[in-house]
Amino acid sequence: MRKHCGLIRCLVAALVAGAALSTPASVPRANPDGDVLLRAMQDELSRSVARLKLKELEKPYFIEYVLEDEDSFSVSATFGALTARSRTRTRSFGARTRVGSYDFDQTGFISSLPPYSAEGFSSPLVVEDNYDALRHDIWLTTDGAYKQALEHLSRKRAYLQNKTVEEKAADFSREEPAIAVASLQTLRLEESQWERRVREWSVIFREFPAIQGSGVEFGVQLAHRYLINSEGTRIRQPILLVSFTAHAHAQTAEGVDITHSVRLYANNLEEFPAPEEVARTIRRMAEELTALRAAPALEGKYLGPALFTGQASAELFAQMLAPHLAGGRPPLTENPYSSPQKSALADRLNRLVLPAFIKVYDDPTERESEGRALLGAYKIDDEGVAARRVSLVEDGVLKNLLMSRRPSKEFARSNGHGRGAGTGAAEPLIGNLFVRAKDGQSIADLKKQLIKTCRAQNLAYGILVKALYADPAPDGMGLSAPLLAYKVYVEDGREELIRGVTVEDISVRALRQIIAAGDDLFVHNTFTGNVPASVVAPAVLLEEVQLNKITGAQQKPTILTHPYFSK
């Protein structure tokens with residue numbers, strides 16, 4: 001459950017009462033104007049702006065403070081018994097100082113010696129509202145960030161003395177300051193009631209003898225995110241995240257391990273599914289895993305058309321397209337073993353990157369789609385810039401990229417998509433990514449086109465993918481393995497579940513091979529770059545995909561059967 005604790009970035013101000021509980025998850029806190037945290041941050045920022053300077057060296061031209069004050073509850077269970085429960089309170093603080101000027105400062109450079117980068121200092125903060133203790137922690141963190149910035153600026157200047165930089169742009173964009181100070185909230189919920197529900201949800205796996213291990217995790221985190229800087233930005237926003245995970249694993253007769261999981265997210269308890277709906281989701285997942293265990297493996301490899309529907313299509317765009325929509329510039333590096341990756345689409349502006357019948361845009365200001373709340377909604381990004389809709393792909397042509405406050409030669413300003421994990425530095429990431437297709441077809445018609453395409457290629461079957469594992473490939477390249485993949489036989493349209501396959505040799509350029517798209521839209525709430533995001537996309541039919549059978553060492557089957565079912 002702690003996987004996403006402290007990673008709640010999206011500046012969502014819509015915190016409403018949770019209908020599933022007798023008490024609301026968050027309620028306004030008394031005396032919101034007497035915020036010791038905000039006062040301590042502002043006072044130390046003012047002192048640093050006026051007096052922070054080391055001897056004859058440069059003083060900062062920009063200082064930024066980010067703080068996350070988080071109150072969280074989590075509970076997990078397996079097979080009807082709790083495995084953990086906790087209620088924790090943490091505060092994390094980050095200070096960033098920029099030395100030099102907006103045109104040239106210490107950022108955007110990776111050194112061969114520590115500190116390798118100068119993105120600021122982070123540290124824990126006292127959890128009591130003690131003004132003097134807070135000032136002490138903020139002071140020390142600011143001091144460390146400033147000294148690090150000076151050292152890194154010197155290294156960057158030395159590195160550039162004998163280097164020619166091809167892409168010249170400012171290191172930091174000038175933006176209008178933002179002020180948004182929302183009321184403080186208090187996390188309040190019936191913990192015992194959620195403990196009982198988690199136990200009950202975990203008991204569902206007792207209905208499935210083929211499953212060897214399972215678990216259920218539930219959590220609610222209320223974070224207040226503070227952002228102030230020397231330009232005048234002053235933000236305090238409460239952010240509520242409800243998260244749920246059910247996971248299970250089984251083993252085939254040959255000893256092959258297979259896993260399955262489902263994840264649910266919501267911006268508040270009112271939007272979280274009802275208990276009976278969660279139970280249905282768990283039971284469906286367990287049924288799918290049981291079927292996977294008995295499904296045949298792919299013989300050899302497959303090269304041909306593939307239809308991605310539902311979660312699989314949305315996850316396809318989340319993994320293959322979204323990371324390459326980031327603008328900005330990769331950092332300079334003096335480390336010969338470090339080669340920062342550049343977006344595969346960065347040099348393809350005003351060129352065809354998708355079929356002409358597809359358009360793509362990102363709009364964090366949209367709060368729902370297809371009747372479902374969007375996890376990636378926010379009003380102000382993590383650099384204090386107002387969120388806005390950005391048209392990215394029009395008629396298949398790339399027109400824009402997502403920008404933070406790190407400019408490029410094409411885009412000198414942020415478009416409200418600078419997003420950071422916790423108190424870390426912001427980078428351009430999606431909020432709510434929408435993929436739309438002209439003249440979309442029904443799933444039934446797409447399946448017919450899949451069969452027609454296979455027949456033209458003399459293939460006995462095509463591939464239908466209904467779900468992908470949500471975790472991208474380990475190296476950040478390629479597509480994660482299909483979770484639910486089916487052979488669709490040309491002869492009669494019959495679907496046969498298969499297991500143990502991976503997608504081979506696929507990149508963002510493969511999306512140009514989309515030959516048809518659906519008239520449906522699937523809302524996929526997820527995390528990308530450790531920040532909440534949503535992808536809304538139709539089903540798509542790719543002309544050619546290569547699937548390989550998973551190979552490697554297998555585990556020996558368990559010696560004895562599951563003790564519960566052996567009775």
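**Strand order in the sheet**

In what order do the six strands of the open sheet stand? In this predicted model, the order is β17-β16-β13-β20-β27-β26, and the pairing is mixed. The edges are formed by β17 (397–398) and β26 (522–528). Each of these two strands has a single partner strand, so one side of each is left without a neighbour in the sheet.

The partner of β26 in this order is β27, which covers residues 531–537. The two strands run antiparallel and are joined by seven bridges. Within this pair, His524 stands opposite Val535 in β27.

The side chain of Asn268 has polar contacts with the backbone. It reaches the backbone nitrogen of Glu270 at 3.2 Å. A polar atom of the Asn268 side chain also lies 3.0 Å from the backbone nitrogen of Glu271.

**Confidence of the model**

The mean pLDDT of the protein chain is 90, and 92% of its residues reach 70 or more. Over residues 1–23, however, the pLDDT is below 50. In the model, this stretch has 98 contacts beyond near neighbours in sequence.

Conventions:
Residues are numbered from 1 along each chain as its sequence is written. This is a predicted model: local features need pLDDT of at least 70, side-chain atom pairs count only at pLDDT 80 or more; totals for chains, interfaces and linings use all residues. Side-chain values use heavy atoms; hydrogens and water are left out. A polar contact is a pair of N or O atoms within 3.5 Å; within protein, one must be able to donate a hydrogen and the other to accept it, and residues adjacent in sequence count only if both atoms are side-chain atoms. pLDDT is the predictor's confidence in each residue, from 0 to 100. Contact means heavy atoms within 4.5 Å. Two strands pair if DSSP finds at least two bridges between them. Helices (H or I, at least four residues) and strands (E, at least two) are DSSP runs, numbered from the N terminus.
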